[in-house]
Amino acid sequence: MDMKRDYYEDIELFSSGTVLFWSVAFLVFLFTLPLYIPSYNIYLFNIIMVHVILAVGLNILVGYTGQISLGHAGFFAIGAYGTALLMIHLHLPFLMALIIAGLISAFFGFIIGLPALRLEGPYLAIATLGFGLTIMHIIGHWDIFGGRMGISTPPLDLGLQNSPYSFVIEGDVKIYYLILVITVLMVVCARNLMRTRVGRAFVAIRDDDIAAEVMGVNLTIFKTMSFALSAFYAGVAGGLYGFVVSFFDPFTFNLILSIVFLVMVVVGGLGSILGAVMGATLITYLQFDLLKNVEELPYMGEILVQFSRKWLTVIGLANFGSVALGLIMLGIVIFEPLGMFGIWIRMKKYWKTWPF
Amino acid sequence: MAHFKVENLGISFGGIRAVDNVSFEVKKNSIFSIIGPNGSGKTTIFNMISGIYKPDSGRVVLEGEDMVGLRPDMIARKGIARTFQNIQLFGNATVMDNLMLGRHIHMKTGIIGGAFMWGKWSGTAREEVKNREIVEHIVDFLELQSVRDQFVSSLPYGKRKLVELGRALALEPKVLLLDEPSAGMNTEEKDDLRIWIKDIQEDYQVTILLIEHDMNMVMGISDRILAINQGVEIIEDVPSEVQKHPDVIAAYLGEEE
């Protein structure tokens, strides 16, 4: 146990020198990553970071505040379409469009938060699920959103479009750096927020809302705030996602996506920022790399393809990913309810007390 | 003007009149106990005072201000804090975080301030540290040092009771409602608690309303006692008088045939 001399040391971002060292080392690693790995993998990392932002936001809602959302693909879509359309039609600079789209998404989060004041558990799940599907269909039927054909994102311009101040970013590597900065910023902000007054109020609502209210927490404000904040994160993630994939249509943001987001948070660890980061990374990697190439696995691959053809879908492996994610989630819920974060904590404890 | 008073408070659940026309006044900085058999409506009175139930009739007045109709969080802001009979803490947070939640109404940090807490000299960090200092005094006072960073769900029952008391104290209330604070404690812990309640009254200048079944404790520390049975007041007087009242004895021990 190290000595503390100051109350501030209790709330420091880096609780010790070791943590600071490894955080800096990890950041340096991330900033030099494009030097070591091929370009396709950079694309994968971009998707991972987008999902990290979203999972951190979703964890604020699900893990910290204890509300459920099966409609986060809807907020994700609002962010993606909002950013792209603001840039196409109003010619806003990227960051401004991103923030405005995030705020629009947050506004919708606030609206969804209002019924959540009275709905709990399965009822809230159904309400949010309905929201996600509604957004998907409204976008699909409205021409300004490009309809079912989807839209392509404009060039990623950080400055004023079509002017001397234009500053266009192209290529996965440059987008990688942009997303990395935003991701680090948003993760650190979430971490700060969860350790201060607002975060404590969220946790209080999750653990015992009556006691929270009796202690002076305004449930209306903090529940809707949690929804809005979570939706803001989802919106920003969506805005970035649009430029990573550069083309999307309404069915990108389907129900399965909402569920995959939830899987990330549960697998990573409810109520932990680090957990959300780990969960998003693992699940995105599985989805975009491992499960896509499952045929190539030695021995197992062939058997799985056969199995999938026979029982899951005629075209082979399309559904296998969802089944695998479902199984992973089941396993986590049964064996390690705290998710990867729980495993991490146990590992740390083990090494701290090693060899005892 | 009385510091805190309850006038003609009443509530019905369906056809049952749970509390009927209960009135009492509490002097500033005194200990006022409510006793009565199980189901007589003691906790219901607390729930009405703290805003969890809305009374059908009557007023709850703190320093001349009517509390009836306000939401629980607004009542907390007015300076009424409480503990619960069956401990309602935030189990998956540390003792320190639970106590810090008691400071919620005294802090201002919102989303932006919280998210951008950069470094020691930011406003958020300074507010946080200032409030942590106040909470540390409560930790010292209730002797919770050894468990301050533990999760509440891992604590034994007696400690949890203290954490809940500390959380209510951290709110710096004018009126503190304690709902059976000694339930489930052993004799030694009860003796400590008795001293603490006395200390709270003196050091923190708090008016205390107490629901308690332990008669030694009630008779020992209360300035005045209200005895109720089936939602109706039997007597409200100093301990020695309440003890002698035939209806109180009947309600507790049953009548002689």
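This is a predicted model: local features need pLDDT of at least 70, side-chain atom pairs count only at pLDDT 80 or more; totals for chains, interfaces and linings use all residues.

Let me begin with β6 of chain B, which runs parallel to strand β7 (residues 175–179) of chain B and is joined to that strand by three bridges; strands here are DSSP E runs of at least two residues, and helices H or I runs of at least four, numbered from the N terminus. Within this pairing, Ile80(B) has Val175(B) as its bridge partner.

Residues are numbered from 1 along each chain as its sequence is written, chains are lettered from A and ligands numbered from 1 in the order written, and side-chain values use heavy atoms, without hydrogens and water.

The whole sheet is open and mixed, with six strands in the order β6-β7-β8-β3-β9-β10 of chain B, where pairing requires at least two DSSP bridges.

Turning to the interface, 43 residues of chain B meet 33 of chain A, contact being heavy atoms within 4.5 Å. Between them the chains bury about 3500 Å², 66% of it on carbon and sulfur atoms, counted as accessible area (1.4 Å probe) lost on being put together, summed over both.

One salt bridge is found across this interface, by the rule of a Lys or Arg side-chain nitrogen within 4 Å of an Asp or Glu carboxyl oxygen. Glu128(B) forms a salt bridge with Arg200(A), with the closest N and O atoms 2.8 Å apart.

How values were computed
Buried area is the accessible area (1.4 Å probe) that two parts lose on being put together, summed over both.
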